[in-house]
Amino acid sequence: MRTSLYPAVDELERRARALVRAAPGVLRLEQVGRSRAGRPLWLLSAGHADRHILAVAGAHANEPVGGASALRLAALLAGRPELLERLGCAWHFLLCLDPDGARLAHGWQPEEPEPSLTECHRRFYRPAFARQPESLPMPPGEPLPESATLVRVLDELRPLAQFTLHGIEFGGAFVMMTHAVPGAADAFRRTAARLRIPVDRHPVDGPDWRLDPPGVLVLPDGHGTGERDPSGFVAESTWFHPRRHGTLTTLIETPAWAVPSVSDARPVTDPDREAARLGEVLLGRSRELAAVLGSRLDGAVPEEVAPLRDAARELLGVAPSIVASWGAEEPGLFQGHFATRGISARRIPLRVAAMASRALARTDPRTVEILDDLVREWSQELEKTYDLRWVPVAAQTGLHVRTMLHTARLVCERD
């Protein structure tokens, strides 16, 4: 059987079971919960120790690389148990935190060496904010079953480190850390350089985090348990929950297509004008989509694609809030910052068009034809504007795996 570069949910389980059969004294697989639709949540564990490290994959449905990275590191630990002994920690991999979303997003596989950005978006899905299981509702709301499972695992393991494995379609690599670990940021940057993955000089994520340029965001002292998205959405987060146990949480973001310009440290002549220009890119394309869609997303769609409709409608609706949040920030001074913001301004309407097309596929073929043309046009414009370069999946997973190993070593040595 051919193994996928980005394994589907069922393939993650099959490959995990094969690893356990090959190394039964080192690896074990346990079901720790179920999704909203009743799908199992699997925890693959390596080694036995009193100290623990947890890696969470598949928190976002459109980011399948995390599962591949988890399997790669688990296989490495099974083949080299001395790594486990050296760290003195057991490793645990939550193979896919959102299996329901992953099933809705699955279908595209990169055909190296020239994968298609347009085809990538034919199967795109990223849930609405409140359906993303790393988000916890502000009290007194009830968490999603997937979120509750992760919180319970965190409370049971009390890990020294929690790694959350993410992957963006295009851009640069970066990490977010709930506290600084001496040496970890530099190790991450060296790894990215060796793998020829550009580091995002100034990510748009974590607007209230402290920037340690390039490519590292550190949670400032006194930060609460809420996380603010640039759209204005605020929720508590599973990233922050284990701080009560002294856990370091590190989010590792790796791109599928690299954009070298996100690392550009050259100054911008007129940052205010550039910020206004990019805001208009997002607002202009949002207006174009609103004109195409009208009230079509308000109508009935098949139940299985309702999440696509809801996510597209929400993302289109928050575009003005995102631009307003950019305007409230201190303007960036470097080319790399505006390359990252320009990517975001183009990525949001592209995602809306892709998800709306899938949502309306059975009910409005004429609108779908228009949306598909926009997906193709905007994908091609992105490729030309930012000189996209495909990052081999081995390099994408390599950034996750090496960053986890380097950071875990530093954390374990300090404990």
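In this predicted model, the largest nonpolar core holds 57 residues, of which Tyr125, Phe170, Trp257, Leu282, Leu289, Met355 and Leu371 touch the most other members. At least two residues of this core are supplied by each of several elements, among them strand 12 (248-258), helix 8 (271-293), helix 11 (335-359) and helix 12 (365-386), and the largest share, 11 residues, comes from helix 11. For Leu289, when neighbours within four places in sequence are left aside, the contacts are Leu316, Pro349, Val352, Ala353, Leu371, Leu374 and Trp378. A second, separate core of 56 residues includes Ala102, Leu248, Ala258 and Val391.

Aromatic rings were examined next, and the count comes to 9 aromatic pairs. The rings of Tyr6 and Trp108 have centres 6.1 Å apart and planes at 45°, so this pair is tilted. Tyr6 belongs to the segment before helix 1 (9-22) and Trp108 to the loop between helix 4 and helix 5, so that the pair links parts of the chain 102 residues apart. Both Tyr6 and Trp108 are buried. A stacked pair is formed by Trp91 and Phe163, with 6.2 Å from centre to centre and 5° between the planes; Trp91 lies in strand 4 (residues 89-94) and Phe163 in strand 6 (residues 161-171), 72 residues apart. Trp91 is buried, with a relative accessible area of 0%, and Phe163 is likewise buried, with a relative accessible area of 0%. One aromatic cluster is formed by Tyr6, Trp108, Trp257 and Trp390.

Charged side chains also lie over aromatic rings: Arg17 is placed over the face of Trp42, at 4.8 Å from the ring centre, while the charged end of Arg201 sits over the ring of Phe334, 4.4 Å from its centre.

Definitions and conventions: Residues are numbered from 1 along each chain as its sequence is written. This is a predicted model: local features need pLDDT of at least 70, side-chain atom pairs count only at pLDDT 80 or more; totals for chains, interfaces and linings use all residues. Side-chain values use heavy atoms; hydrogens and water are left out. A nonpolar core is a set of buried Ala, Val, Leu, Ile, Met, Phe, Trp, Tyr and Cys residues joined through side-chain atoms within 4.5 Å. Buried means under 20% relative accessible area, exposed over 50%, partly exposed in between (1.4 Å probe, protein chains only). Helices (H or I, at least four residues) and strands (E, at least two) are DSSP runs, numbered from the N terminus. Contact means heavy atoms within 4.5 Å. Rings of Phe, Tyr and Trp (its six-membered ring) pair if their centres lie within 6.5 Å; planes under 30 degrees apart count as stacked, over 60 as edge-to-face and the rest as tilted. A charge sits over a ring if NZ of Lys or CZ of Arg is within 6 Å of the ring centre and within 35 degrees of the ring normal.
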